[in-house]
Amino acid sequence: MSDKLNRGETPDEVKRYAADPDGYFDAEEYFSIADYYESVLDLENAFKVLKQGVVTYPADVQMRMEFARIHIVTGSFDKAVKLLRALLKDPVLKEPEDILSAHVMLSRVHAEQCNRGKISEDIRSIAQWVKDVDYETAVNAITDIATNQYQCFLYPYAIKTLKAGLKLFPKSATLYESLIECHVKNDTGFDEAIKVCEEALDADSYNVELWNKLGYLYKYNDNIDDAIRAFDYATSIDENNIEAWRAMGDCHLKNDNYERAAACYIKAMGEDCTDATLLIRIGDMLNNCDKFTEARKYYKAALDIDEDNSDALFGIGMGFFLDVENDYGNFETAIFWIKRAITENENNSFYWSVLADCYFNTDNWEHCIYCYRRSLSLSPHQGSLTAKLGQAYAAVGNFDDALDCLMQAKREGVTLKSTDITLAATYYAIGDHTNARYYLMQAMQQDSGMGEAFLDFHPDAIGFVNNIKKLL
């Protein structure tokens with residue numbers, strides 16, 4: 001007996017059955033008891049209950065169907081086939097819907113057994129099976145047959161089943177959608193799925209769900225411009241299609257078109273947005289468009305929903321950091337917000353790196369070094385950050401660590417002129433003029449103005465720089 005049954009959390013009929021399995025139960029009670037046992041994964045008792053139900057009510061078609069189904073669930077496929085074939089021959093099976101259900105269940109067994117011969121027979125028989133039922137029942141049955149097949153990874157057969165269904169019901173969006181899914185899962189790429197989706201839209205050009213699906217197919221196929229057109233058409237049919245607006249925003253983001261992405265995400269908000277993630281994404285897009293004041297409105301709206309949201313806090317700080325036309329980035333204000341973000345999420349490497357950049361720009365080298373080190377500890381092998389850490393070490397006269405970081409950055413592929421200049425200046429500071437000359441030449445070959453940058457480190461080295469200029 002299950003723990004749930006012991007706690008008394010089951011229907012009364014289950015308790016009665018547990019106390020007296022041979023007592024009287026009507027058909028509905030047998031169904032309820034079997035369903036309970038199956039829900040708690042007690043298939044042995046579910047099997048016994050349904051067997052008893054069949055013995056008690058042999059003319060109950062649904063009872064016999066359920067008994068066949070439990071054989072399928074337990075892997076007794078041959079027995080399920082015998083039960084279903086016996087039922088199909090029994091005069092008790094009269095209703096077209098029940099006959100269809102029995103055939104669908106039998107097709108499931110064929111799929112589970114990978115009996116390709118029987119599966120092919122099933123596909124050829126579909127037109128006969130569905131001829132006496134209504135449209136919706138027929139379409140759902142065909143979809144169920146295909147589902148049974150592709151759940152057993154028999155995708156080509158599922159495709160054939162759905163195509164057979166579309167010959168009977170050529171305007172069925174349900175069948176088209178299932179066929180699209182099969183093509184995607186069949187590892188044939190998205191091209192066939194796109195063709196099917198376009199064919200479906202020829203039959204039903206105002207089907208918003210199909211336009212959404214076509215947009216996703218183009219997106220997953222890296223055809224972003226066509227994806228945008230599909231989502232745009234979907235929103236022209238239904239202006240409140242939030243899914244399409246959001247997906248179109250993602251496509252514009254992938255194209256680095258932040259302004260259009262922001263406009264789409266704003267449309268996706270609807271009238272009363274409580275999605276903090278979406279609000280933050282809008283803020284990020286507006287930050288990328290240098291619309292920092294407007295971006296802050298969305299970040300603060302996100303904070304109204306979740307006052308400790310680290311991404312919203314960071315977004316505000318990032319806006320102040322990027323706003324170079326307003327007091328060269330408002331670094332002190334940026335530091336305040338980014339530190340708040342780190343309080344909520346101290347394991348975000350990017351947060352630490354931007355905070356370090358703020359300190360870098362305010363010549364706060366001690367804090368700068370600490371933050372770069374924290375960022376690199378969370379996400380190593382960031383060459384550009386390692387180079388900046390080297391520059392910070394050089395600024396405080398820690399030349400050994402500066403050289404270690406700068407050379408590591410070079411090994412990781414960093415080719416910044418500022419790295420070569422800092423290497424040159426550091427080697428010059430420790431009296432290694434040979435290496436200083438080598439790296440200064442590297443920098444000046446890229447940009448002759450780098451000589452002046454070197455003099456910012458060593459104003460008295462005019463002769464040293466002029467000698468190199470003569471060699472270039």
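Helices here are DSSP runs of H or I with at least four residues, numbered from the N terminus. Please keep in mind that the model is a predicted one.

- Ser 172 counts as buried because its relative accessibility is 1%, and the cut-off for buried is under 20%.
- Its side chain reaches the backbone nitrogen of Leu 175 at 3.2 Å.
- Leaving aside residues up to four places away in sequence, Ser 172 touches Tyr 135, Val 139 and Leu 166.

**Lys 89, a helix residue**
- Lys 89 belongs to helix α6, which covers residues 77–89.
- With a relative accessible area of 73%, Lys 89 is exposed, since exposed means over 50%.
- Between Lys 89 and Ser 205 there are 44 Å in space, C-alpha to C-alpha, and the two are 116 residues apart in sequence.

**Helices α5 and α7, side by side**
- Two packed helices are described by the distance between their axes and the angle between those axes.
- For helix α5 (residues 61–73) and helix α7 (residues 96–112), the axes come within 11 Å and cross at roughly 10°.
- Angles under 35 degrees count as roughly parallel, and α5 and α7 are therefore roughly parallel to each other.
- On the α5 side, the residues that meet α7 are Val 61, Gln 62, Met 65, Ala 68, Arg 69 and Ile 72.
- Their partners in α7 are Asp 98, Ser 101, Ala 102, Met 105, Arg 108 and Val 109.
- Seven nonpolar, two polar and three charged residues make up this contact of α5 with α7.

**Helix α19, largely enclosed**
- Helix α19 runs over residues 310–322, and its end C-alpha atoms are 18 Å apart, which agrees with the 18 Å that 13 residues should span at 1.5 Å a residue.
- Eleven of the 13 residues of α19 are buried, so the rest of the structure largely encloses this helix.
- Among the buried residues of α19 are Leu 313, Phe 314, Ile 316, Met 318, Phe 320 and Phe 321, along with Gly 315, Gly 317 and Gly 319.
- What covers the buried residues includes α17 (276–288), α18 (292–305), α20 (331–344) and α21 (349–361).

Key. Residues are numbered from 1 along each chain as its sequence is written. This is a predicted model: local features need pLDDT of at least 70, side-chain atom pairs count only at pLDDT 80 or more; totals for chains, interfaces and linings use all residues. Side-chain values use heavy atoms; hydrogens and water are left out. Helices (H or I, at least four residues) and strands (E, at least two) are DSSP runs, numbered from the N terminus. Buried means under 20% relative accessible area, exposed over 50%, partly exposed in between (1.4 Å probe, protein chains only). A polar contact is a pair of N or O atoms within 3.5 Å; within protein, one must be able to donate a hydrogen and the other to accept it, and residues adjacent in sequence count only if both atoms are side-chain atoms. Contact means heavy atoms within 4.5 Å. Axes are lines fitted to C-alpha atoms, for helices over the stretch in contact, and angles run from 0 to 180 degrees between N-to-C directions. Angles under 35 degrees count as roughly parallel, over 145 as roughly antiparallel, 65 to 115 as roughly perpendicular and the rest as oblique. Ala, Val, Leu, Ile, Met, Phe, Trp, Tyr, Cys and Pro count as nonpolar, Asp, Glu, Lys and Arg as charged, and the others, Gly among them, as polar. The expected span of a helix is 1.5 Å times one less than its number of residues.
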